[in-house]
Amino acid sequence: MEQFQIPQSFIEEQNRSFIQPANRAYDVLAEDLDRRGISIGSITEKAAKFEVALPSWAVGTGGTRFAKFPGPGEPRTVEEKLADCATVHQLIRITPRVSLHIPWDKPADASRLKAFAQSLGLGFDAMNSNTFQDQPGQALSYKFGSLTHADRSVRRKAIDHNLECVEIGQKLDSKALTVWIGDGANFPGQIDFRRSLERYLESLREIVRALPDDWKLFIEYKPYEPALYATVLNDWGTAYYCASELGPKVRCLVDLGHHLPNTNIELVVARLLQCGKLGGFHFNDSKYGDDDLDAGSIKPFQLFLVFHELVMAAEESPDPRNISYMIDQSHNVTDPLESLMVSAEEIQRAYVQALLVDRKALRAHQEKNDALMALRTLKEAFRTDVTPILQRARIVRGGAIDPLLLYRASGYRDRKARERPARTEPSAGIV
Ligand SMILES: [Mn+2]
């Protein structure tokens with residue numbers, strides 16, 4: 001069956017009804033920024049170059065700890081997931097790469113999948129290994145850990161799985177592997193803290209040795225899991241220690257939800273930047289913990305402060321070693337494609353707001369210990385409504401002025417509901 005895609009002509013037609021107010025708002029903002037000594041043209045150019053990767057696992061509905069409530073037209077194959085990602089990118093134009101999860105997205109033929117992605121205008125971002133659950137028929141279980149398991153043969157299996165992810169990733173032209181493990185202890189005394197971290201390093205050394213020269217490995221940390229007493233990769237300090245031990249290809253990945261409540265994440269970002277070990281982000285938002293809420297939905301000021309650190313560091317010493325931006329969210333009650341579009345825009349918004357910070361003035365306030373004026377300088381940038389810049393950045397690349405409304409008007413979800421009849425078996429759990 002022919003797979004429905006939103007025709008480009010539909011985008012142009014829909015944009016027509018939004019273009020005049022968008023242009024007017026852009027001109028008003030241009031004047032305002034001009035008064036502040038900022039060229040809107042150069043900011044718009046930077047906004048248009050901004051990119052964030054989509055996670056293949058987020059185009060389907062996520063779940064609570066107890067169940068999933070899937071929506072209509074959910075993608076059933078990796079190809080359908082890519083088609084959904086392509087639709088997101090078509091409308092917002094800043095998500096040209098997809099981060100795959102193995103084995104959930106294991107391609108039968110990697111070269112064919114790469115060609116298919118290319119035909120949709122997509123490439124591949126970091127590969128994600130999965131040693132946090134057993135696959136059907138798996139002989140050696142990850143129940144008590146994977147890369148840090150007490151049993152060498154389980155560690156061997158987990159290492160081999162990561163090596164396979166690299167192998168598949170090479171065929172897809174990916175350049176990074178994100179290693180996330182759920183290893184830890186549910187009770188005091190269950191594991192030896194130091195020995196399990198030693199085993200982690202030993203396992204990782206073998207994976208790093210197999211990494212191609214132009215690849216990076218990202219270590220993702222998290223201080224807790226439900227019903228866990230301790231995790232092995234518990235915080236950025238541990239991740240930094242491991243990344244240092246494992247050499248230049250290994251960096252730390254900051255998942256915004258993987259921190260204890262009220263952690264100063266922008267400070268963590270600054271520290272990792274300073275140590276040269278910041279590798280990438282998993283963007284999402286949270287109220288309590290790893291809620292995987294949509295980026296910018298709870299703490300937009302925090303997101304802005306994170307980008308302020310990133311922009312400031314890039315301005316002071318342009319780092320050719322790129323930092324990977326990825327979304328990692330769970331969409332339980334929304335259309336996942338809508339959430340992804342809105343989230344990508346919120347991440348881009350925080351970046352653009354951070355570009356507007358008068359850093360010279362900020363430095364002067366810092367030198368004079370003028371705390372309130374320093375905060376006001378940040379707030380001035382944060383309060384600027386940069387929507388007209390985001391809209392213009394999309395217009396010049398053929399995207400939608402209002403992606404959400406256009407998506408709804410396109411009837412995409414209804415078409416997919418007919419093309420992709422739902423699976424009947426219940427699927428449980430968190431993504
Ligand atoms: Mn993550």
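Four bridges join strand 9 (residues 250–255) to strand 10 (residues 278–283), and the two strands run parallel. The structure is a predicted model, in which local features need pLDDT of at least 70 and side-chain atom pairs count only at pLDDT 80 or more, while totals for chains, interfaces and linings use all residues. Residues are numbered from 1 along each chain as its sequence is written. The protein has 15 helices and 11 strands; helices (H or I, at least four residues) and strands (E, at least two) are DSSP runs, numbered from the N terminus.

**Overall dimensions**

- With 431 residues, a compact globule would have a radius of gyration near 22 Å, and the value of 22 Å for the protein agrees with this. The radius is taken over C-alpha atoms, and the globule rule is 2.2 Å times the number of residues to the power 0.38.
- Along the principal axes, the C-alpha atoms of the protein fill a box of roughly 65 × 65 × 40 Å.

- Six strands form an open sheet in the order 4-5-7-9-10-11, and their pairing is parallel. Two strands pair if DSSP finds at least two bridges between them.
- Strand 4 (127–128) and strand 11 (324–327) are at the edges; each has a single partner strand, so one side of each is left without a neighbour in the sheet.
- Helix 7 (residues 236–246) lies across strand 7 (216–220) and strand 9, and runs at about 160 degrees to strand 9. Axes are lines fitted to C-alpha atoms, for helices over the stretch in contact, and angles run from 0 to 180 degrees between N-to-C directions.

- Two bridges pair strand 2 (residues 97–99) with strand 3 in the parallel sense. Arginine 97 has glycine 123 in strand 3 as its bridge partner.

**Helix 1 and helix 13**

- The axes of helix 1 (residues 8–35) and helix 13 (residues 387–396) come within 9 Å and cross at roughly 130 degrees.
- Helix 1 and helix 13 are therefore oblique to each other; angles under 35 degrees count as roughly parallel, over 145 as roughly antiparallel, 65 to 115 as roughly perpendicular and the rest as oblique.
- Their crossing is left-handed, a term used if the near helix is turned anticlockwise from the far one by less than a right angle, with right-handed used if clockwise.
- Asn15, Ala22, Ala25, Tyr26 and Leu29 of helix 1 meet Pro388, Ile389, Gln391, Arg392 and Ile395 of helix 13. Residues are in contact if their C-beta atoms, placed from the backbone, lie within 7 Å.
- The residues of this contact comprise seven nonpolar, two polar and one charged. Ala, Val, Leu, Ile, Met, Phe, Trp, Tyr, Cys and Pro count as nonpolar, Asp, Glu, Lys and Arg as charged, and the others, Gly among them, as polar.

**Helix 4 and helix 5**

- Helix 4 (residues 110–119) and helix 5 (residues 152–172) have axes that come within 8 Å and cross at roughly 45 degrees. Helix 4 is therefore oblique to helix 5.
- The crossing of helix 4 with helix 5 is right-handed.
- Ala110, Ser111, Leu113 and Lys114 of helix 4 make the contact with Ile168, Lys171 and Leu172 of helix 5. These residues divide into four nonpolar, one polar and two charged.

**Backbone features in loops**

- Isoleucine 102 and proline 103 are joined by a cis peptide bond, with omega about 15 degrees. Proline 103 is in the loop between strand 2 and helix 4.
- Alanine 227, a residue other than glycine, has a positive phi near 65 degrees. Alanine 227 is placed in the loop between strand 7 and strand 8 (230–231).

Notes
Two residues are in contact if their C-beta atoms, placed from the backbone, lie within 7 Å.
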